[in-house]
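Q: I have a model open on my screen and would like to learn how to read it. Could you take me through it feature by feature?

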Amino acid sequence: MVKLNKIYTRTGDDGTTGLVTGPRRLKHDLRVDAYGTVDETNSLIGVARLHTGAHADLDAMLFRIQNDLFDLGADLATPDTGEKVEWEPLRIVQSQVDRIEAEIDQLNAALDPLTSFVLPGGSAAAAHLHVARTVSRRAERLMVELSKADGEIVSPAALKYVNRLSDFLFVAARYVNEGGKADILWVPGKNR
């Protein structure tokens with residue numbers, strides 16, 4: 001159980017932050033940037049949820065995803081170094097990937113097929129979900145870059161999860177846009 005008695009510690013005043021296992025990293029470190037962007041995605045989903053009240057099923061899915069994103073942040077903040085730790089680190093697992101895939105399929109089944117790319121917008125909920133989608137893509141790019149860095153490990157399940165997340169958010173944006181009927185479609189070359 002997490003217990004926070006004091007919000008500021010002054011330990012980051014030198015531009016570093018502590019990972020779960022103790023080592024300190026610069027606040028612009030790639031790993032810190034990755035889990036910070038996951039946190040940013042989570043916050044944007046929270047804003048989107050202010051507009052999804054009419055879709056209780058979707059709102060419940062987004063709530064579960066917000067919890068998963070804390071798991072993902074914990075996963076990234078606890079690097080797998082191969083060293084023994086006194087507790088089992090929290091990791092994204094395949095069942096979380098499976099669930100988000102099933103929810104994508106569930107939402108997508110209610111949508112009309114696409115005939116063009118979708119411009120972000122339509123309803124307020126869709127616009128916010130598209131912003132969350134683009135930030136989740138940035139988190140994915142950072143996580144992939146981190147996974148390719150020497151000495152850094154990002155689990156395959158975490159990479160799969162963040163990849164599916166942007167797909168989920170895209171489908172969710174279409175879902176709240178009247179099942180895709182209120183989507184704003186791209187018209188190539190329209191303004192030439």
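A: Gladly; let's start with a helix. Helix α3 has 15 residues and spans 21 Å from its first C-alpha to its last, close to the 21 Å expected at 1.5 Å a residue. Helices here are DSSP runs of H or I with at least four residues, strands are runs of E with at least two, and both are numbered from the N terminus; the expected span is 1.5 Å times one less than the number of residues. This is a predicted model, where local features need pLDDT of at least 70, side-chain atom pairs count only at pLDDT 80 or more, and totals for chains, interfaces and linings use all residues. Residues are numbered from 1 along each chain as its sequence is written, and side-chain values use heavy atoms, leaving out hydrogens and water.

Q: Which residues of α3 are buried?

A: An α-helix has 3.6 residues a turn, so residues three or four places apart point the same way. In α3 the buried residues are Gln 96, Val 97, Ile 100, Glu 103, Ile 104 and Leu 107. Buried means under 20% relative accessible area, exposed over 50%, and partly exposed in between, with a 1.4 Å probe and protein chains only. They cover an arc of only 125° around the axis, which puts them on the same side of α3; the arc is taken from the directions from the helix axis to the C-beta atoms.

Q: What do the buried residues of α3 pack against?

A: They pack against α2 and α5, where contact means heavy atoms within 4.5 Å. Phe 168 touches Ile 100, Glu 103, Ile 104 and Leu 107, among others, not counting residues up to four places away in sequence.

Q: How do I read an aromatic pair?

A: A pair of aromatic rings is described by the distance of the centres and the angle of the planes. Rings of Phe, Tyr and Trp (its six-membered ring) pair if their centres lie within 6.5 Å; planes under 30 degrees apart are stacked, over 60 edge-to-face, and the rest tilted. This structure holds one such pair. The rings of Phe 117 and Trp 186 have centres 5.7 Å apart and planes at 50°, so the pair is tilted. Phe 117 is exposed at 62% relative accessible area, while Trp 186 is partly exposed at 40%.

Q: And what should I look for in backbone angles?

A: Most residues other than glycine have a negative phi. Glu 178 has a positive phi of about 55°, although it is not a glycine. Glu 178 lies in the loop between α5 (156–176) and β4 (184–185) and counts as exposed, at 57% relative accessibility.
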